Amino acid sequence: YAICPHVYPIGLINKQAYSGNQLNQDRNPNRPDSTKSFWMPDYNYHYEIPEADLEVIAVDTNGKMDPNLIAGNAKARGIADDVCGGRSVTESFLKAVAKAGDDLVVERAKKSTASTVLIIQHYPGLCPRALFENALTPERRAKVRLICAYGHVHSQRCDVKINGQCMDVLSGGGGGCCGPMVNLAGFTAVHLDDMGGAHVDVESPEVRMAQDTCKW
């Protein structure tokens with residue numbers, strides 16, 4: 001019911017239903033206390049760290065994907081659609097969440113004062129970079145460093161560099177699975193400096209395992 005929470009809600013806040021198991025305990029009371037370090041307050045959210053001149057924006061982009069790829073495969077999606085009341089019900093929800101994510105990106109572009117902004121979402125190719133940058137005020141466009149991070153394909157690399165710095169990051173390779181189809185497991189380190197700059201480390205040996213060493 002994660003893609004039709006109004007059908008079987010496990011949490012309800014301000015009349016908004018929730019059924020995603022990954023969400024924080026206020027939206028998923030069944031989530032174990034041991035998982036508190038994994039923080040997901042909503043489908044779309046943002047938070048600011050003024051001391052670091054940093055803002056993080058997280059958006060759900062499932063509504064922009066091929067529907068048959070959501071829920072793992074076409075068979076699993078069909079089962080989810082059936083229990084939810086049909087494909088139109090689930091797609092309506094996913095597209096509404098994605099639209100809310102786009103609205104949040106535009107809102108934060110207009111209101112944020114951070115010099116470094118990180119946008120995270122799940123899929124390669126779906127970072128709303130242009131949406132954010134086009135919504136910036138003219139005086140902010142040359143002052144904001146925007147980093148996009150995503151995963152899904154379980155690898156670890158820099159996809160786009162701007163002026164020698166990695167700005168589009170594919171990360172999280174090996175998250176929960178390793179073996180012949182998964183390699184280059186790792187994480188990303190973003191180093192912020194006192195001048196509002198950032199250095200992204202995604203491919204060094206300090207953050208990424210060597211080829212063919214990720215295995216159970």
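**Sheet, cores and pocket**

Modeller: Six strands make an open, mixed sheet, ordered β3-β4-β5-β6-β8-β7. β3 (45-49) and β7 (157-162) are at the edges with a single partner strand each, so one side of each has no neighbour in the sheet. This is a predicted model: local features need pLDDT of at least 70, side-chain atom pairs count only at pLDDT 80 or more, and totals for chains, interfaces and linings use all residues. Residues are numbered from 1 along each chain as its sequence is written, and side-chain values use heavy atoms, without hydrogens and water.

Biologist: What makes β3 and β4 a pair?

Modeller: Strands pair if DSSP finds at least two bridges between them. Here five bridges join β3 to β4 (residues 54-58), and the two run antiparallel. In one of these, tyrosine 45 has alanine 58 in β4 as its bridge partner. Strands and helices are DSSP runs numbered from the N terminus: E, at least two residues, for strands; H or I, at least four, for helices.

Biologist: How do you know that α2 packs on the sheet?

Modeller: Contact means heavy atoms within 4.5 Å. Helix α2 (residues 87-111) touches β3, β4 and β5 (116-120).

Biologist: Why is arginine 129 called buried?

Modeller: Buried means under 20% relative accessible area, exposed over 50%, partly exposed in between (1.4 Å probe, protein chains only). Arginine 129 has 15%, so arginine 129 is buried. Its place is in helix α3. Beyond four places in sequence, arginine 129 contacts Leu146, Ile147, Cys148, Ile162, Met167 and Asp168.

Biologist: What makes a set of residues a nonpolar core?

Modeller: They must be buried Ala, Val, Leu, Ile, Met, Phe, Trp, Tyr or Cys residues, joined through side-chain atoms within 4.5 Å. The largest such core has 17 residues, with the most inside contacts at Ile57, Val105, Val117, Ile119 and Phe132. α2, β5, α3 (129-135) and β6 (145-150) each supply at least two of its residues. Another core, of 13 residues, lies apart and includes Tyr18, Met65, Leu94 and Val97.

Biologist: What makes a space a pocket?

Modeller: On a 1 Å grid over the protein atoms alone, a pocket is an open set of points where a 1.4 Å probe fits, with protein on both sides within 12 Å along at least five of seven lines; lining residues have an atom within 4 Å of a point. By that rule, 44 residues line the largest pocket, and Gln22, Phe38, Met40, Gln121 and His122 lie nearest its centre. β6 gives the most to this lining, three residues.

Terms used. Axes are lines fitted to C-alpha atoms, for helices over the stretch in contact, and angles run from 0 to 180 degrees between N-to-C directions.
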